[in-house]
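Hi,

Here is the structure I promised to pass on.

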Amino acid sequence: MSRRLISTGSPFEKTAGYSRAVIDGDFAFVSGTTGYDYTTMTMPGDVTSQTRNCFKTIEAALKDGGFAMADIVRATYYITDASDADAVFAVCGENLGDIRPAATLLVVAGLYKPEMKVEIEVTAKRRTA
């Protein structure tokens, strides 16, 4: 299987020169994903909604590449406020509680835009039958 690039259609992908996901063989590498709703290009104000949007975008990118959420083996969470960790973890548990990938949470000084409260990146490995 050859390398394949997945896009969400965000104009920033072209501007910044990246893909939402890169499929390479049995692996999917999903770029850091923030909480934008890509259908409306809006960012909700609360971290819970942003985190849900992150997973919605991640799931769509994985599906486009022929992967499922259950294929996720690694997740990295970046938050800008440590007090948001419990809210982010609650949404992570909703989406990954049965999958339980290796994961890391980092509290960072900031993300690209001040309204961004969370960014999530994942790696998936296609399961073999």
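To get you oriented, where is the place of Asp 24? Asp 24 sits in strand 2, residues 21-24. Asp 24 is partly exposed, with a relative accessible area of 40% (buried means under 20%, exposed over 50%, partly exposed in between, with a 1.4 Å probe and protein chains only). Between the C-alpha atoms of Asp 24 and Arg 52 there are 26 Å, and the two residues are 28 apart along the chain.

Before the rest, some ground rules. This is a predicted model, in which local features need pLDDT of at least 70 and side-chain atom pairs count only at pLDDT 80 or more, while totals for chains, interfaces and linings use all residues. Residues are numbered from 1 along each chain as its sequence is written, and side-chain values use heavy atoms, with hydrogens and water left out.

Now the overall picture. The chain has three helices and six strands, in the order β-α-β-β-α-β-α-β-β along the sequence (helices are DSSP runs of H or I with at least four residues, strands are E runs of at least two, numbered from the N terminus). The radius of gyration is 14 Å, which agrees with the value near 14 Å for a compact globule of 129 residues (taken over C-alpha atoms; the rule is 2.2 Å times the number of residues to the power 0.38). Buried residues make up 40% of the 129. Of the contacts between residues at least 6 apart in sequence, 70% join residues at least 24 apart (contact means heavy atoms within 4.5 Å).

The helix pair I looked at is helix 2 (residues 47-64) with helix 3 (residues 85-96): they pack at about 30°, axes 9 Å apart. That makes helix 2 roughly parallel to helix 3 (angles under 35 degrees count as roughly parallel, over 145 as roughly antiparallel, 65 to 115 as roughly perpendicular and the rest as oblique; they run from 0 to 180 degrees between N-to-C directions, with axes fitted to C-alpha atoms over the stretch in contact). On the helix 2 side, the residues that meet helix 3 include Val 47, Arg 52 and Phe 55; among their partners in helix 3 are Val 88, Val 91 and Leu 96.

Finally, Thr 57 is also in helix 2. Thr 57 is buried, at 8% relative accessible area. Leaving out residues up to four places away in sequence, Thr 57 touches Thr 8, Arg 20, Thr 33, Tyr 36 and Tyr 38.

Cheers
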